[in-house]
Amino acid sequence: MASAVVKPETAPEHCPGTESDQAGKASACAGCPNQNICSTAPKGPDPGIAQVKESLQAVKNKILVLSGKGGVGKSTVTALLSRALAASDSEKNIAVLDIDICGPSQPRVLGVLDEQVHQSGSGWSPVYVDDNLSVMSIGFLLDSPDSAIIWRGPKKNGMIRQFLSQVDWGSLDYLLMDTPPGTSDEHLSAITYLSQADLTGAIIVTTPQEVALLDVRKEIDFCRKSKINILGVVENMAEFICPCCQKSSQIFKPTTGGAKKMCEDLTIPFLGSLPLDPKIAKCSDEGKNFFEEVPDSPVVKAIERVVEGLVAKCDEMH
C-alpha cells in the first residue's frame with residue numbers, strides 16, 4: 001500500500017513533504033522511519049486524495065476526535081457523541097470511523113463486535129448500530145478481537161485511505177473519526193487524505209489534571225500547525241457525582257485550572273465537562289446504549305449540552 005502524502009501546508013514543522021525534491025533527503029528527514037519511502041516514492045499528488053474527496057462528497061460534517069494523551073476516554077466520548085447526535089434527530093445520519101488501527105474499540109463500545117463487513121459494488125458497507133448510526137473499524141476485519149495489528153506506518157496509512165475512499169458511507173450529517181493518541185502516522189495520513197474533502201474540524205478530549213493537559217496542548221499545537229479548525233475541547237471525567245448522596249468529588253484534581261482555564265488561555269472553544277460515571281465503563285464493555293440503560297445519569301445531560309454546542313459550531317461553518 002502506498003504511503004500517505006504530506007502536503008507542504010499540512011506538513012509537520014521542518015518536514016519537506018513527499019512532493020518535494022528534498023523528500024527523504026533533507027536534514028529534517030534523518031531518523032524518520034519513512035525516509036527511504038519518501039526518497040524513492042513517485043512525486044506528485046497522491047491519487048487517494050481525490051478519491052477521498054469524491055467518496056465523502058455526501059458527508060456534511062467530517063470531524064476528527066483527538067487527544068494527545070491516552071486513557072482520557074476519547075473512544076468513549078466519540079461513542080457517546082455519536083449516540084447523542086443520532087438520538088437528537090432521527091432524520092440525521094451519523095457514522096463513526098475508527099482509525100485507531102492498533103487499538104480498535106468502537107465495535108465493542110457500540111455493541112456490534114460480532115458483526116461482519118460486507119463488500120458490494122459500491123465498496124465496503126459500514127455496520128449499522130441503529131437505523132441512523134453506523135460504524136467502520138479494522139476490528140471487523142480481524143480473525144479475533146485478540147489479534148494484534150503489527151504494521152508499519154505505510155500499511156496503516158493505506159488502510160486509512162481505504163476506509164475514507166472505499167466505504168459506502170452514503171449521505172451523512174456527521175462522520176466522527178476516532179483517532180489514536182498522539183500526533184503520528186494515523187493523524188498525518190487522515191489530514192492529508194482529507195485535505196481536499198472539507199474537513200470540518202476537530203474535537204479534543206482531555207481530563208482535568210495537568211499530566212493530561214500537557215499532552216493536549218501539544219495536540220492543539222498540532223491542529224494549529226496543520227490548519228485544522230478546533231471545534232472545541234471536552235473535559236472528560238471532570239468530577240464524580242455519588243449516585244446515593246449526589247455529592248460531587250474531584251477524582252482528577254485540576255491543579256492548573258483544568259480544561260476550561262486552558263481554553264481561556266489558548267482562546268479556543270470549551271464545549272463542556274462530563275462527570276465520571278462507572279456505569280459508562282460497564283455499558284461500554286457490554287456494548288449497551290448508555291442513554292437507554294442509565295437515562296437519569298448526569299452524564300446524559302452533560303453530553304447533550306456538548307452536542308448542542310458542537311452542532312451550533314458546525315452550523316456556523318455551513
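Me: Does phenylalanine 163 count as buried or exposed, and what is its relative accessibility?

Reply: Buried means under 20% relative accessible area, exposed over 50%, and partly exposed in between (1.4 Å probe, protein chains only). Phenylalanine 163 has 0% relative accessibility and therefore counts as buried. This is a predicted model, in which local features need pLDDT of at least 70 and side-chain atom pairs count only at pLDDT 80 or more, whereas totals for chains, interfaces and linings use all residues. Residues are numbered from 1 along each chain as its sequence is written, and side-chain values use heavy atoms, with hydrogens and water left out.

Me: Over which residues does pLDDT stay under 50?

Reply: pLDDT is the predictor's confidence in each residue, from 0 to 100. Where it is low, the predicted coordinates should not be read in detail. Here the mean pLDDT of the protein is 89, and 92% of its residues reach 70 or more, but the value stays under 50 over residues 1-11.

Me: Which aromatic residue pairs with phenylalanine 163?

Reply: A pair of aromatic rings is described by the distance of the centres and the angle of the planes. Rings of Phe, Tyr and Trp (its six-membered ring) pair if their centres lie within 6.5 Å, with planes under 30 degrees apart counting as stacked, over 60 as edge-to-face and the rest as tilted. By this rule there are 2 aromatic pairs. In one of them, tryptophan 124 and phenylalanine 163 are tilted, at 5.8 Å centre to centre and 55° between the planes. This pair links distant parts of the chain, since tryptophan 124 lies in strand β4 (residues 123-125) and phenylalanine 163 in helix α5, 39 residues apart; helices (H or I, at least four residues) and strands (E, at least two) are DSSP runs, numbered from the N terminus. Phenylalanine 290 and phenylalanine 291 have ring centres 6.3 Å apart and planes at 80°, so that pair is edge-to-face.

Me: Which residues lie on each side of β6?

Reply: In a regular strand the side chains alternate between the two faces of the sheet. In β6, Leu133, Val135 and Ser137 are on one side and Ser134 and Met136 on the other, and all are buried.

Me: Which strands are joined to β6 by bridges?

Reply: Two strands pair if DSSP finds at least two bridges between them. Strand β5 (residues 127-130) runs antiparallel to β6 (residues 133-137) and is joined to it by 3 bridges, the two forming a hairpin with 2 residues between them. Strand β2 (residues 94-98) runs parallel to β6, with 5 bridges. Serine 134 is the bridge partner of alanine 95 and also of tyrosine 128.

Conventions: Contact means heavy atoms within 4.5 Å.
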